[in-house]
Amino acid sequence: MIELKSESLLPHFPALQHERLTQIEPLRFAEAQPRAASAINRLISMRRGCQTLLLSGFPGVDYEQTVMDLIDECSPDNTQLFDLCYAENLQNPYRPLWLKLKPGSGIEFCELIGELLRLLNLHLDAEAVVTKILRKQDQDQKIADYLGELAAHVAQGGSFIHPILINLLIHHETETPPVIYGRDLSWPSLFGAVNYQTEQGTVYSHHHLLEAGLLREANGGFLILPLEELMDQPELWFKLRNALETGFLDWSTPSDAATTTPFFIPEPSPLNVKLILVGDRLTSAEFNLLDREISERIFLRTDLISELPLEDNYELFLGLLSGIRQSDELLDFDRQAIEVLSRFACRLCEHQQILSIAETQLGALMRLADSVAREEQSDVVSKSHVQAALAEQEYRLNYIVEQSDQGVVDGQILLQTEGEVIGQINGLSVIEIMGHPYDFGEPVRLTATVHMGDGDVADIERKAELAGHIHAKAMMIIHGYLSTQFGAENPSPLSANLVFEQSYHEIDGDSASLTGLCALLSALAQQPIYQHFAVTGAVDQFGNVQPVGGLNEKIEGFFRVCRIHGFNGKQGVIIPATNQLQLVLSDEVIAAVENGEFHIYPVSHVDEAIQLLTGYQAGDIDDEETLYGRIRARLDELNGTQRRRGVLSLLFRRFGQVIGVV
């Protein structure tokens with residue numbers, strides 16, 4: 001077991017080619033989302049069917065800006081764009097009808113209709129105006145029919161319910177497809193509404209009292225809707241789904257709303273919208289429960305990524321930092337400040353070779369550091385400013401940690417960081433508090449005792465209903481390993497109790513299974529464990545150590561306890577070897593490792609861990625000079641069975657161990 005050196009506790013970044021962040025070309029978050037860009041491109045190219053994209057992100061994403069940037073990069077066409085107006089139905093004034101106009105032509109169309117009506121009322125030749133209107137509207141048949149009805153209506157002396165014949169509901173100043181983000185959704189804001197007036201006790205409406213709604217405003221373009229809003233009002237989604245499938249949007253009201261003007265029903269208007277639903281994975285999963293057919297109805301899906309591999313993407317990451325600096329109008333950042341930001345990004349991912357590109361957290365730290373630098377009247381943000389911002393944030397959030405540590409200071413939490421004890425070991429855990437953004441490590445003491453029994457391992461947490469399912473599974477794996485290792489031929493005469501001492505809340509996860517197994521081995525062998533170590537790691541039934549989460553917080557939690565008790569030069573932690581890339585530790589821990597005050601040992605098998613913890617080799621169960629041999633000898637003695645000797649017996653046992661029988 002080789003102890004880790006201080007240089008292996010941090011990520012290593014490529015040499016920076018620039019001294020300042022302003023020297024790096026700024027990039028937008030959308031430029032780091034090739035999967036989402038592919039989906040937007042495909043959405044734009046779709047012409048038929050349900051043109052809907054489900055975009056799954058993560059908390060803190062600026063969906064509006066990201067989607068708008070992605071659409072800009074794809075250069076959407078405007079062939080589906082149109083202006084929309086409602087006109088009085090000359091056959092039935094209670095049924096206003098729609099007219100589709102070429103984009104940007106709505107105002108001129110209304111002016112020409114006004115001119116046409118003036119000429120018709122004066123009994124003057126209006127053919128030239130009609131010809132002009134139809135030419136500008138590409139000889140649209142519905143418009144031609146309306147103009148013909150209008151001419152006949154005026155000639156017959158017909159009246160109008162409103163002096164202005166056309167209500168230009170949607171008009172596009174440019175031919176750029178609209179991109180609309182919906183907020184505070186309601187039935188009227190999304191689907192439009194029929195407003196009304198009251199006069200002398202009479203309620204009435206007309207085509208100029210129609211309110212378009214976001215869906216009609218997005219016609220020919222894109223409508224972005226947060227899933228959370230649709231989840232809160234399911235009726236909106238089902239109405240929206242039906243409108244998208246039929247290609248028409250009517251003017252109905254919610255089923256529980258009274259219709260003020262029951263006989264006034266405008267003609268359903270054409271609908272051609274590309275819908276983009278956005279939300280995190282949890283909300284997407286809940287949305288699937290809302291509509292069981294959603295998987296079939298929305299085939300086009302993609303994810304926004306929050307992480308980038310460090311290799312080959314560092315320049316892209318730096319460009320994103322430069323983009324955040326530019327958009328927030330922050331001071332410049334020097335080379336060392338950039339390196340601290342990069343390290344912070346790796347810490348967010350808990351990986352030395354992966355960078356977080358979560359703009360919310362990176363931007364927050366950059367703004368805090370900018371504020372610190374401005375207070376010091378500096379014209380550039382340096383390493384010390386970023387570190388000061390991190391220290392301030394930790395101070396504001398770590399009151400709970402201080403309260404936890406006070407129990408160690410007062411001696412109320414019984415943890416040892418020196419000496420030796422049989423069946424007692426320091427475990428590592430992470431505390432997550434609901435509603436609090438700060439997770440922290442807190443060591444826990446595990447104890448194991450053995451007694452005459454039937455070989456069962458009693459998990460007191462599970463019996464007290466303080467353990468989750470994953471923890472229960474981990475305890476069963478421990479029992480499986482012990483049974484295979486020591487009880488394949490004869491049942492074990494010893495049973496064991498395993499408990500997390502001074503733990504008063506539910507425990508879950510398998511990260512303490514290595515810790516519990518080592519405590520049991522110590523109790524079975526009656527060999528004390530060095531208390532200057534703490535252990536974390538999961539195990540399988542063959543004793544292989546598996547990775548766990550929250551490693552940095554766990555290590556720093558035990559480091560705090562050691563600092564309270566006082567360093568003795570031997571304290572440290574035992575971690576899974578497969579977790580080495582997750583190490584992005586604090587400067588305090590790194591300095592202690594460099595000075596030989598604190599130690600970190602990676603292990604791949606329980607045999608390595610128990611050797612570090614006891615000073616004894618795990619060894620072979622047939623060798624009584626080893627730890628496992630002592631355990632087997634004790635069990636044989638209690639069973640009253642004579643251990644088999646001889647070369648043939650030894651070979652048989654070795655073969656059995658290889659194939660997993662013994």
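Select His 385 first, which is found in helix 15 (residues 383-397); helices (H or I, at least four residues) and strands (E, at least two) are DSSP runs, numbered from the N terminus. This is a predicted model, in which local features need pLDDT of at least 70 and side-chain atom pairs count only at pLDDT 80 or more, while totals for chains, interfaces and linings use all residues. Residues are numbered from 1 along each chain as its sequence is written, and side-chain values use heavy atoms, with hydrogens and water left out.

Is His 385 buried or exposed? At 3% relative accessibility, His 385 counts as buried, the term meaning under 20% relative accessible area, with exposed over 50% and partly exposed in between (1.4 Å probe, protein chains only). Next, display the surroundings of His 385: not counting residues up to four places away in sequence, His 385 touches Ala 369, Val 372, Ala 373, Glu 376, Ser 378 and Val 380, where contact means heavy atoms within 4.5 Å. The side chain of His 385 also reaches the backbone nitrogen of Ser 382 at 3.0 Å.

Axes are lines fitted to C-alpha atoms, for helices over the stretch in contact, and angles run from 0 to 180 degrees between N-to-C directions. Helix 13 contributes Gln 336, Ala 337, Val 340, Leu 341 and Phe 344 to the contact, and helix 15 contributes Lys 383, Val 386, Gln 387 and Leu 390.

Now move to the open sheet of three strands, which has the order 3-2-4 with antiparallel pairing. Strand 3 (97-101) and strand 4 (166-170) stand at the edges, each with a single partner strand, so one side of each has no neighbour in the sheet. The twist averages 30 degrees from one strand to the next. Select strand 2 (residues 83-87), which pairs with strand 4 in the antiparallel sense over four bridges; two strands pair if DSSP finds at least two bridges between them. Cys 85 has Leu 168 in strand 4 as its bridge partner.

Helix 5 (residues 141-155) lies across strand 2, strand 3 and strand 4, running at about 125 degrees to strand 3.

Finally, select helix 22 (residues 606-614), where the buried residues include Val 606, Ile 610 and Leu 613. Helix 22 is followed by Gly 615, whose phi is positive, near 80 degrees.

Technical notes
A polar contact is a pair of N or O atoms within 3.5 Å; within protein, one must be able to donate a hydrogen and the other to accept it, and residues adjacent in sequence count only if both atoms are side-chain atoms.
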